[in-house]
Amino acid sequence: LYGVLCLEHEGAPRAWATEHIAYAQAAGETLMRLLEARLREQALAQARAQHTELQDIIDAMEDQVMVVRSSQQLVYANMAVRRFWNPLGHPMLPGTLLSDLAAYFTAEDRQMLAAALVDGTRASRESSLRLPAGQELRFLLSVQPILLADGGPGVVLSARDITERYHIERALVSTNEVLSQRQRELTANLAELRATQELLSLARARLQRIADTVPGMIYEAEISAEGDVRYTYVSTGSRALFGLPPERMLSDPAAFAGTVPPGREMEYRQTLQTLAARTHRGDLSLFEVEVWRQDATGHGRWVRNEGYPQPLPEGAIRLTGIAYDITERRRQALLLEQRSEELALRQQQMHNYLAQLEESNLQLADARNELRATVTRLLRTQSQLLQAEKMAALGQMTAGLAHEINNPINFAHG
């Protein structure tokens, strides 16, 4: 400022007196102090404005932000901290000790905070916090060492609520596990399906061979609502059963109708109507019927038809089953019935004979009992007779002795 005052003049340079120079220096120093004070006030006002703006920004954050001294005393807490802790009975005012909240934090959380305060270690970790009501929250805790305004050490402790994210991640992990398991199952199912398809191809060929060797005719037929029968599959057993090759039965629907003997057409139609009615009522159980049929040569035989029906549109049905010759079985059944009747007759005769024998046994038992009673009476009578004879003999002997004794006595008395 002194130099400026020396240069700011008009005309030739002039020399300053010593007192003027001293005055100019004093005035310059005063102006400098005033300018520094003004700049300091402006800087302080700007800092306050920035601090207020920064505090508003931090207060607007959803994360909890706290500034803590090395003594674990709270220096600052934003609105999120107060909104969370005030309902729990902790107003979180400056000077509050974090040790009062130790019960809410895990040992790992406390160790992380202590390391940041002592060693200046910056760290972060996920932690859990259990509320008194039993609710468990998940937080992402971070500690950042700083120097406080008074030059002392401190940390910025921030806590971000990640409970929802934690549950979403858990759900995603669970879902991923389920999806992975499902993918493994689908892969296994696909491999199993391919193996099943190969086995199915082999099974089809094997079934075809089996169907060709089955003693009967395996078939699949579609029966219209009017009762017309059209075969979609027929095994080679149709030759032995009806004298018709499978090709003809597949191509000529009237060929099978020719196997119905004259006079049995109405019975045949009624059987088809009964099958259609029960199928469309939902009864898909096994359908069984025994009918009299004749082959292409007019030779008749009994045929048993067994099949499972399925409903089709427009009142039609599909019947899958087997038909086989039961003529010999029915003959055997008739013969067995006759033999059963004969056996029943013989059983009745045997029953009558046994009844008579039982009656004779009863009569013999009565006679035996009566004979035993007679023998008992005879033995008793015999015993009585023997006793009487003994007594008579004893009397005779006693009389003889008395007579022998009396004779010498009478002779002595003379």
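R125 is partly exposed, at 26% relative accessibility (buried means under 20% relative accessible area, exposed over 50%, and partly exposed in between, with a 1.4 Å probe and protein chains only). R125 belongs to a salt bridge with D109, and the structure holds 22 salt bridges. This is a predicted model, where local features need pLDDT of at least 70, side-chain atom pairs count only at pLDDT 80 or more, and totals for chains, interfaces and linings use all residues. Residues are numbered from 1 along each chain as its sequence is written, and side-chain values use heavy atoms, leaving out hydrogens and water.

**Salt bridges**

- A salt bridge here is a side-chain nitrogen of Lys or Arg within 4 Å of a carboxyl oxygen of Asp or Glu.
- In the pair D109 and R125, the closest N and O atoms are 2.5 Å apart.
- That pair links distant parts of the chain, with D109 in helix α4 (residues 107-119) and R125 in strand β3 (residues 123-130), 16 residues apart; helices (H or I, at least four residues) and strands (E, at least two) are DSSP runs, numbered from the N terminus.
- D109 is buried, with a relative accessible area of 5%.
- E126 pairs with R165, their closest N and O atoms being 3.1 Å apart.
- This second pair also links distant parts of the chain, E126 in strand β3 and R165 in helix α5 (residues 163-213), 39 residues apart.
- E126 is partly exposed at 35%, and R165 is partly exposed at 36%.

**Pockets**

- On a 1 Å grid over the protein atoms alone, a pocket is an open set of points where a 1.4 Å probe fits, with protein on both sides within 12 Å along at least five of seven lines; lining residues have an atom within 4 Å of a point.
- The largest pocket has a volume of about 490 Å³ (the space filled by probe spheres set on the points, which are joined across faces, edges and corners).
- Its lining has 19 residues, and I58, V65, V67, Y76 and V156 lie nearest the centre.
- Helix α2 gives the most to the lining of the largest pocket, with four residues.
- The second largest pocket holds about 200 Å³ of space.
- Among the 13 residues that line the second largest pocket, L98, F105, D109, R110 and L113 lie nearest its centre.
- The largest share of this second lining, four residues, comes from α4.
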